[in-house]
Amino acid sequence: MTTSRRVHPETAVPDGETPETTCPYCERPFRRERFQVLHVVEAHPDRAAAREREAYERVRDEESDDLFIYHLKVLFALGALYAAFVISSIVAFSIAG
């Protein structure tokens with residue numbers, strides 16, 4: 001792999017590993033099919049077929065859902081951390097006081 005090209009860890013295929021798919025227009029390898037679907041429409045919008053655009057919309061919706069769930073998990077974790085801090089502070093001050 002050349003060093004002049006930017007390497008994206010999520011899409012870069014390590015040496016010795018077979019790519020799951022490649023771009024039909026520029027032959028770029030991808031570790032996952034969803035990365036290839038996103039790449040085709042974003043990097044080759046004028047050449048993407050209607051079925052590729054439909055797949056792109058589906059994958060974008062899936063990623064949006066995944067991101068929403070991730071945000072919910074982070075929000076829950078922060079809330080739990082805050083609650084634990086408040087409870088431990090109440091216990092600590094009641095013991096000391």
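Me: Which residues are linked in a network of salt bridges here?
Reply: In this predicted model, the network links Arg34, Glu63 and Asp66. Across the whole structure, the search turns up three salt bridges.

Me: What makes the pair Arg34 and Glu63 a salt bridge?
Reply: The term asks for a side-chain nitrogen of Lys or Arg within 4 Å of a carboxyl oxygen of Asp or Glu. For Arg34 and Glu63 the closest N and O atoms are 3.7 Å apart, so the pair meets that cut-off. As background, side chains of opposite charge can pair when their charged atoms come close.

Me: What does the pair of Arg34 and Glu63 tie together?
Reply: Arg34 with Glu63 is a salt bridge. Arg34 belongs to helix H1 (residues 33-43) and Glu63 to helix H2 (residues 50-96), so the pair ties together parts that are 29 residues apart in sequence.

Me: How do you know that Arg34 also forms a salt bridge with Asp66?
Reply: Here the closest N and O atoms are 3.6 Å apart, which is again within 4 Å. This pair links distant parts of the chain too, with Arg34 in helix H1 and Asp66 in helix H2, 32 residues apart.

Me: What about Glu62 and Arg58: where do they lie, and what makes them a salt bridge?
Reply: Their closest N and O atoms are 3.6 Å apart, and that is within the 4 Å limit. Both residues lie in helix H2, four residues apart, or about one turn of the helix. In general, an α-helix has 3.6 residues a turn, so residues three or four places apart point the same way. As for accessibility, Glu62 is partly exposed at 35%, and Arg58 is partly exposed at 45%.

Me: How does H1 pass H2, and which residues make the contact?
Reply: The crossing of H1 past H2 is left-handed. H1 brings Arg34, Val37, Leu38, Val40, Val41 and Glu42, while H2 brings Glu52, Arg53, Ala55, Tyr56, Val59, Arg60, Glu62, Glu63 and Asp66. By type, the residues of this contact are seven nonpolar, no polar and eight charged.

Me: Why is Val37 called buried?
Reply: Val37 has a relative accessibility of 10%, and buried means under 20%, so the name applies. Val37 sits in helix H1. Beyond its neighbours within four places in sequence, Val37 touches Glu52, Ala55, Tyr56 and Val59. With Tyr56, 19 residues along the chain, the C-alpha separation is 5.7 Å.

Me: And how do you know that Gln36 is buried?
Reply: Gln36 has a relative accessible area of 11%, under the 20% limit. Gln36 is another residue of helix H1, and apart from neighbours within four places in sequence, Gln36 is in contact with Thr21, Thr22, Cys23, Pro24 and Phe30.

Me: What covers the buried residues of H1?
Reply: Those residues are Phe35, Gln36, Val37, Leu38, His39, Val40 and Val41. Their cover includes strand S1 (21-22), strand S2 (29-30) and H2.

Me: What pattern does the chain follow along its sequence, and how much of it is buried?
Reply: The pattern is β-β-α-α, made up of two helices and two strands. Of the 97 residues in the chain, 20% are buried.

Conventions:
Residues numbered from 1 in each chain as written. Predicted model: local features only at pLDDT ≥ 70, side-chain atom pairs only at ≥ 80, totals over all residues. Heavy atoms only, no water. Buried < 20%, exposed > 50% of the residue type's maximum accessible area, 1.4 Å probe, protein only. Left-handed = near helix turned anticlockwise from the far one by under 90°. Contact = heavy atoms within 4.5 Å. Nonpolar A, V, L, I, M, F, W, Y, C, P; charged D, E, K, R; others polar.
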